[in-house]
Amino acid sequence: PASPVARLAGPGRAGGMVAQAHALPPGAAISQAPAERLPLGDASVDLVTSTTSFHHWSDKAQGVREAARVLRPGGWFVLADMSLPIRSNALSRLQVCAVFRKAGLSVRSQNGPVPFYTFTIGVKQ
């Protein structure tokens, strides 16, 4: 059987992290960009992930809308972030679900199997 094929694209905001990412893996398209303005085409990806950066986003709703914009129908957005209110702009679990739904993502699950982290999984309609 044929092996699965993946094209990796990784926008990131932190210049140092983007520079390190250029070394891994070969062929991945890495660019520096905020979550609120992803350098990807509409409906161009099957999976968007964000790990421990959501609390840094200046406009969380716009970042989630961008994730939804670049997802193909049926594509998944997996958001993992700290669930402690470490900043005044932290969103509750219910608020995160509302932001997902408003962006056109159906929340499939939301749980925190790791202490102090919440994992929210949404699927584009």
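The model is predicted, so local features need pLDDT of at least 70 and side-chain atom pairs count only at pLDDT 80 or more, while totals for chains, interfaces and linings use all residues. Residues are numbered from 1 along each chain as its sequence is written, and side-chain values use heavy atoms, with hydrogens and water left out.

**Overall fold**

- The protein chain has three helices and six strands, taken as DSSP runs numbered from the N terminus (helices H or I, at least four residues; strands E, at least two).
- Read from the N terminus, the order of elements is β-α-β-β-α-β-α-β-β.
- Of the 125 residues in the protein chain, 32% are buried (under 20% relative accessible area; exposed is over 50% and partly exposed in between, with a 1.4 Å probe and protein chains only).
- Among contacts (heavy atoms within 4.5 Å) with a separation of 6 or more, 57% join residues 24 or more positions apart.

**The largest nonpolar core**

- A nonpolar core is a set of buried Ala, Val, Leu, Ile, Met, Phe, Trp, Tyr and Cys residues joined through side-chain atoms within 4.5 Å.
- The largest one holds 21 residues, and V48, V64, F77, F100 and L105 touch the most other members. At least two residues of this core come from each of β3 (45-51), α2 (60-70), β4 (71-82), α3 (93-102) and β5 (105-111).
- Leaving aside residues up to four places away in sequence, V64 touches F54, W57, F77, V99, F100, A103 and L105.
- V64 is also one of the buried residues of α2, together with K60, G63, E66, A67, A68 and V70; the buried residues of this helix pack against β3, β4, α3, β5 and β6.

**Two positive phi angles**

- Most residues other than glycine have a negative phi.
- A43, in the loop between β2 (29-32) and β3, has a positive phi near 50 degrees. A43 is partly exposed, with a relative accessible area of 35%.
- T52, in the loop between β3 and α2, has a positive phi of about 55 degrees. T52 is partly exposed too, with a relative accessible area of 26%.
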